[in-house]
Amino acid sequence: MNNHKRDTKHVILRVLLYLFVILVVLVTLYPYFVMFTTAAKSRAEIYSTDGTLLPLHWLWQNFKDIWTLAPLSRYFINSLIVAGGSTLIAIVCGIPAAYALARMKFKGKKIFLGIVIISQMFAPVVLLVGIYKIMSTFGMTDSLVGLVFINAAFNQAFAIWLLRGTFISISPEMEQAATVDGCGKVSALIRILLPVAAPGIVTALIFVFINAWNEYTVALTLISTDVLKPLTVGITIFNGYNMVEWQYLFASSLFATVPVIILFVLIEKHLVGGLTSGGVKG
């Protein structure tokens, strides 16, 4: 009897868990569903007072027209350059910094860690004036290279913090064994630690990429040339002075989510392990 009650309780809890997960998924995906249905409507139907959630007439042509009405392919390439370059710099610089904080003892270590944490408190919008003056001094106010460095700088602290936790979670005995076999610190880091730390590195990579891909305020401030605009800024071309072309704006926004979705699908198996290892207290 007790086993039967226990099994019944287990089934009920599992059903409630599934229902909760389904509810969360529906709430999360609902805005995207609205974007999709709106993107397939005509302008008249969108601004109609008798509008419905689903289009009365599906205009699939909207998803094709956006590529001729705006240089979206150019915007896509610009965003890939900025997000990819920022991620590469943040990870390449973050790995040795995180390794040093996790394994080495030196003066000022705690102060440096505090600075890393404090730097996360400042949003780019708060520092826009200073950023513009600095970039203007170096002649990088209308440059993709400038955006790459700015995004890498603002994501560097997060990458260091996450990767530090990843390295702390790896046993030092692995490095000691590599040292006995004749490896130096750099060789042990590259050949031993990096493969083991792959989940944490992948997690840092995807978060830095997404943050750089979605960045809007700094790009809007620094970039004035249309062909240099990233996708987040470029799609505002459909936001006119007199009317917002919601069907085109939502259609292009849906396409903007594709690279992030692809990235998640390719590396999601490493994501949970990376978040767990990165949360180790040092």
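This is a predicted model: local features need pLDDT of at least 70, side-chain atom pairs count only at pLDDT 80 or more; totals for chains, interfaces and linings use all residues.
**Stop 1: the largest core.** Select A39, F63, I66, L72, W213, L231 and F238. The largest nonpolar core has 29 residues, and these seven touch the most other members. Now colour the helices around them. Helices α1 (2-39), α3 (61-69), α4 (72-103), α10 (198-214), α13 (246-256) and α14 (258-278) each supply at least two residues of this core.

**Stop 2: F238.** Zoom in on F238. Which residues does F238 contact, leaving aside its neighbours within four places in sequence? They are I66, L69, A70, M243, V244, E245, Y248, L249 and S252.

**Stop 3: helix α13.** Select residues 246-256, which form α13. Is this helix mostly covered or mostly open? Mostly covered: nine of its 11 residues are buried. Among them are Y248, L249 and S252, which also contact F238. Q247, F250, A251, S253, L254 and A256 are buried too.

**Stop 4: the α5 and α7 pair.** Select 109-119 for α5 and 144-168 for α7. Two packed helices are described by the angle between their axes and the distance between the axes. Here the axes come within 9 Å and cross at roughly 125°. An angle of 65 to 115 degrees would count as roughly perpendicular, and one over 145 as roughly antiparallel. The pair is therefore oblique. The crossing is left-handed.

Show the side chains where the two helices meet. From α5 come L113, V116, I117 and S119; from α7 come A157, W161 and R164. By class, that contact has five nonpolar, one polar and one charged residues.

Definitions and conventions: Residues are numbered from 1 along each chain as its sequence is written. Side-chain values use heavy atoms; hydrogens and water are left out. A nonpolar core is a set of buried Ala, Val, Leu, Ile, Met, Phe, Trp, Tyr and Cys residues joined through side-chain atoms within 4.5 Å. Buried means under 20% relative accessible area, exposed over 50%, partly exposed in between (1.4 Å probe, protein chains only). Helices (H or I, at least four residues) and strands (E, at least two) are DSSP runs, numbered from the N terminus. Contact means heavy atoms within 4.5 Å. Axes are lines fitted to C-alpha atoms, for helices over the stretch in contact, and angles run from 0 to 180 degrees between N-to-C directions. Angles under 35 degrees count as roughly parallel, over 145 as roughly antiparallel, 65 to 115 as roughly perpendicular and the rest as oblique. A crossing is left-handed if the near helix is turned anticlockwise from the far one by less than a right angle, and right-handed if clockwise. Ala, Val, Leu, Ile, Met, Phe, Trp, Tyr, Cys and Pro count as nonpolar, Asp, Glu, Lys and Arg as charged, and the others, Gly among them, as polar.
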